[in-house]
Amino acid sequence: KFEKEEDEIENEIEDEKEDNIENEKEDDHGIIAEWGAMGEKEVEYVLKWLTDDYYVIEKDCTSKYSNRCILLENQTFIDESQEYDHIVVGPQGVFLIETKNYSGQLHIDHQGNWLRKKKREEEWLPEINPGQQVVRHHVLMESIVGKEVPIIDVICLAHPNIMTSGLENANIPVIKKDQLGD
């Protein structure tokens with residue numbers, strides 16, 4: 001007789017939930033938004049442990065994609081708002097953190113293409129490179145704070161089981177959530 005420990009059973013249930021969410025149709029924005037929100041909460045937990053030298057901007061807006069977000073606009077610059085995952089103000093400047101909650105494997109090739117192999121799948125598939133989104137966020141933030149304030153862009157991988165390779169090929173730093181405090 002083998003009895004599973006309660007933690008082991010809970011982990012299996014969580015893995016099954018992950019698989020179900022991740023394997024839904026890619027164009028179902030509700031499922032993708034839910035998956036992304038889970039990753040953002042993971043990053044929020046890490047950010048709450050930053051020292052008092054850092055100020056984490058609160059998510060106090062709603063948008064068509066989220067009930068909790070940071071939404072910025074500068075109508076004198078461009079008539080389009082941008083939704084930010086996380087903004088942190090610290091001694092080094094303003095950190096713009098774009099969160100991705102990918103699981104499985106992520107590879108960035110020498111041309112900057114993002115490729116991903118999901119759990120239990122054999123094929124590498126193209127993934128949208130969030131670089132252009134990060135550039136939009138950077139340009140809008142610069143239009144608000146000015147060129148004198150340093151803006152540090154970061155793409156943060158929130159899922160604890162993501163395996164990565166080729167991160168040095170990214171134009172924007174890509175880190176795992178546990179590296180945010182470094």
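Figure 1. Residues are numbered from 1 along each chain as its sequence is written, and side-chain values use heavy atoms, with hydrogens and water left out. With a relative accessibility of 16%, Lys177 counts as buried (buried is under 20% relative accessible area, exposed over 50%, and partly exposed in between, with a 1.4 Å probe and protein chains only). The side chains of Lys177 and Glu42 are joined by a polar contact of 2.6 Å. A polar contact is a pair of N or O atoms within 3.5 Å; within protein, one must be able to donate a hydrogen and the other to accept it, and residues adjacent in sequence count only if both atoms are side-chain atoms. Apart from neighbours within four places in sequence, Lys177 is in contact (heavy atoms within 4.5 Å) with Glu42, Val43, Val46, Cys156, Leu157, Ala158 and Pro160.

**Figure 2. Aromatic pairs.** Rings of Phe, Tyr and Trp (its six-membered ring) pair if their centres lie within 6.5 Å; planes under 30 degrees apart count as stacked, over 60 as edge-to-face and the rest as tilted. Three aromatic pairs are counted by this rule. In one of them, the ring centres of Tyr45 and Trp49 are 6.2 Å apart and the planes stand at 70°, so the pair is edge-to-face. Tyr45 is partly exposed, at a relative accessible area of 49%, whereas Trp49 counts as exposed at 59% relative accessibility. Tyr102 and Trp114 also form an edge-to-face pair, because their ring centres are 6.5 Å apart and their planes lie at 80°. Since Tyr102 is in the loop between strand E5 (93-100) and strand E6 (105-108) and Trp114 is in strand E7 (residues 114-117), this pair ties together parts that are twelve residues apart in sequence. Tyr102 and Trp114 are both buried.

**Figure 3. Cys61 and Cys69.** The structure contains zero disulfides, a disulfide being a pair of cysteine sulfur atoms within 2.5 Å. Cys61 is in no disulfide, and its nearest cysteine sulfur, that of Cys69, is 5.5 Å away. Cys69 is likewise in no disulfide, with the sulfur of Cys61 as its nearest cysteine sulfur. Cys61 counts as partly exposed at 25% relative accessibility, and Cys69 counts as buried at 1%.

**Figure 4. Ile70 in strand E2.** Ile70 belongs to strand E2 (residues 70-74) and, at 4% relative accessibility, counts as buried. The C-alpha atoms of Ile70 and Tyr84 are separated by 5.2 Å, although the two residues are 14 apart along the chain. Not counting residues up to four places away in sequence, Ile70 touches Ile57, Glu58, Lys59, Gln82, Glu83, Tyr84, Asp85, His86 and Ile87.

**Figure 5. The stretch 20-27 and model confidence.** The chain has an average pLDDT (the predictor's confidence in each residue, from 0 to 100) of 86, and 82% of the residues score at least 70. Over residues 20-27, however, the pLDDT is below 50; this stretch has 13 contacts in the model beyond near neighbours in sequence. Where pLDDT is low, the predicted coordinates should not be read in detail.

Notes. Helix = DSSP H or I, 4+ residues; strand = E, 2+ residues; numbered from the N terminus.
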